[in-house]
Amino acid sequence: MISLEQARTMIAVARQTGRDMGLKPLSVVVLDAGGHVLAFEREDGAAPGRFEIAQGKAYGAVMLGMPGSAQMARAEAQAYFMAALNGVYGGKVIPVPGGVLVMEGGTVVGAVGVTGDTSDNDAAAAVAGIEAAGLEASA
């Protein structure tokens, strides 16, 4: 389980990592293992539609049990399968890096979605936040 304090730490550290890396304004969401929003922040200057993108990255990770990088590889190899899966989930899955699984003792306890810069940079910020909260990241 991810506590609210841990979720807030993940967001704060992901945002700080983005600033340290010189990234564009980030939006960061933390979901629990059921795909429910625990916390979200959108930095000043980030586009208003970034919540849905961050949520879609995290939602795909937690619902499919695979990080966005693995989803993207699967989409490239099996586009029809991922399109069908996205249909099952009501179009909510965004299969690109930046959706990172949050693990504790090998069990998925949630996911973090970051958007605003390149997908790989988004993922790096998410990993930093997760690790700062004392949990394991699977990017």
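Is serine 27 buried or exposed, and what is its relative accessible area? The close-ups below, taken from a predicted model, begin with this residue.

**View 1. Serine 27 in strand S1.** Serine 27 is buried, because its relative accessible area of 0% falls under the 20% cut-off. The residue belongs to strand S1, which spans residues 27-32. Leaving aside residues up to four places away in sequence, serine 27 touches Phe40, Glu41, Arg42, Ala46, Arg50, Ala54, Gly113, Val114 and Thr115.

**View 2. Helix H5 and its end.** Helix H5 has 14 residues, 119-132. From first C-alpha to last, H5 reaches 20 Å, close to the 20 Å expected at 1.5 Å a residue. Glycine 134, which follows H5, has a positive phi near 80 degrees.

**View 3. The buried side of H5.** Asp122, Ala123, Ala125, Ala126, Gly129 and Ile130 are the buried residues of H5. They lie on the same side of H5, because they cover an arc of only 160 degrees around the axis. The elements they pack against are helix H1 (4-21), helix H2 (50-64), strand S3 (99-104), strand S4 (107-115) and strand S5 (136-138).

**View 4. The crossing of H1 and H5.** The axes of H1 and H5 come within 7 Å and cross at roughly 135 degrees, which means that H1 is oblique to H5. The crossing in which H1 passes H5 is right-handed. On the H1 side, the contact involves Thr9, Met10, Val13, Ala14, Thr17 and Met21. These residues meet Asn121, Ala124, Ala125, Ala126, Ala128, Gly129, Ile130 and Ala132 in H5.

How values were computed. Residues are numbered from 1 along each chain as its sequence is written. This is a predicted model: local features need pLDDT of at least 70, side-chain atom pairs count only at pLDDT 80 or more; totals for chains, interfaces and linings use all residues. Side-chain values use heavy atoms; hydrogens and water are left out. Helices (H or I, at least four residues) and strands (E, at least two) are DSSP runs, numbered from the N terminus. Buried means under 20% relative accessible area, exposed over 50%, partly exposed in between (1.4 Å probe, protein chains only). Contact means heavy atoms within 4.5 Å. The expected span of a helix is 1.5 Å times one less than its number of residues. The arc is that of the directions from the helix axis to the C-beta atoms. Axes are lines fitted to C-alpha atoms, for helices over the stretch in contact, and angles run from 0 to 180 degrees between N-to-C directions. Angles under 35 degrees count as roughly parallel, over 145 as roughly antiparallel, 65 to 115 as roughly perpendicular and the rest as oblique. A crossing is left-handed if the near helix is turned anticlockwise from the far one by less than a right angle, and right-handed if clockwise.
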